[in-house]
Amino acid sequence: MEKSSEYAKKPNDVSLQELRDRLAEFAEVRGWDQYHSPRNLLLALVGEVGELSEIFQWKGEVARGLPNWTSDDKEHLEEELSDVLLYLVRLADVCGLDLGQAALTKIVKNARKYPVANQQKSSTYH
Ligand SMILES: [Mg+2]
């Protein structure tokens with residue numbers, strides 16, 4: 001986005017609503033809104049998940065915090081994570097969904113499904 005340097009160093013929390021609004025404006029001013037059907041956005045999202053996966057492909061297990069990664073590798077990871085997030089937010093928006101609220105609701109459902117007392121027994125998370 002053309003104002004990326006303006007936002008890059010802003011040390012605040014970024015809301016899903018802000019991302020949603022910026023993405024809508026980004027698409028609108030470029031005439032891309034017509035291409036942003038749910039299906040097209042989903043396929044773009046899957047493509048970006050593939051790009052994200054390539055970063056980890058063949059590396060074996062990676063330590064938390066990425067202690068042995070170069071700054072370029074970390075920047076690349078930030079970019080691909082962002083691509084995934086941005087398409088996810090845009091997909092939810094064009095579907096007319098409140099992704100933030102849906103995610104909070106899902107956390108509550110997950111907490112009911114996986115009570116704290118059972119955490120030692122449960123080895124999978126969905
Ligand atoms: Mg990408």
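How many residues does helix 2 have, and how far does the helix reach from its first C-alpha to its last?

**Figure 1. Overview of the predicted model**. The chain contains five helices and zero strands, so that its elements, taken from the N terminus, follow the order α-α-α-α-α. Of the 126 residues in the chain, 6% are buried. Among contacts with a separation of 6 or more, 80% are between residues 24 or more positions apart.

**Figure 2. Helix 2 and the residue that follows it**. Helix 2 comprises 15 residues, numbered 16–30. From its first C-alpha to its last, helix 2 reaches 21 Å, close to the 21 Å expected at 1.5 Å a residue. Gly 31 comes after helix 2 and has a positive phi, near 70 degrees.

**Figure 3. The contact of helix 3 with helix 4**. The axes of helix 3 (residues 38–56) and helix 4 (residues 71–94) come within 9 Å and cross at roughly 160 degrees. Because angles over 145 degrees count as roughly antiparallel, helix 3 is described as roughly antiparallel to helix 4. The crossing of these two helices is left-handed. On the side of helix 3, the contact involves Pro 38, Leu 41, Leu 42, Ala 44, Leu 45, Glu 48, Val 49, Glu 51, Leu 52 and Ile 55. Their partners in helix 4 include Leu 77, Leu 81, Val 84, Tyr 87, Leu 88, Leu 91 and Val 94, as well as His 76, Glu 80, Asp 83 and Arg 90. Classified by type, the residues of this contact are 15 nonpolar, one polar and five charged.

**Figure 4. The contact of helix 2 with helix 4**. Helix 2 packs against helix 4 at an angle of about 80 degrees, and their axes are 9 Å apart. This angle makes helix 2 roughly perpendicular to helix 4. Helix 2 contributes Leu 16, Leu 19, Arg 20, Leu 23 and Ala 24 to the contact, while helix 4 contributes Leu 86, Val 89, Arg 90 and Asp 93. The residues of this contact divide into six nonpolar, no polar and three charged.

**Figure 5. Helix 5, a hardly covered element**. Helix 5 spans residues 99–113 and has 15 residues. At 1.5 Å a residue these should span 21 Å, and the end C-alpha atoms are 20 Å apart, which agrees. The count of buried residues in helix 5 is zero.

Methods
Residues numbered from 1 in each chain as written. Predicted model: local features only at pLDDT ≥ 70, side-chain atom pairs only at ≥ 80, totals over all residues. Helix = DSSP H or I, 4+ residues; strand = E, 2+ residues; numbered from the N terminus. Expected span 1.5 Å × (residues − 1). Buried ≥ 20, exposed ≤ 12 C-beta atoms within 10 Å, placed from the backbone. Contact = placed C-beta atoms within 7 Å. Axes fitted to C-alpha atoms, helices over the stretch in contact; angles between N-to-C directions. Parallel < 35°, antiparallel > 145°, perpendicular 65-115°, else oblique. Left-handed = near helix turned anticlockwise from the far one by under 90°. Nonpolar A, V, L, I, M, F, W, Y, C, P; charged D, E, K, R; others polar.
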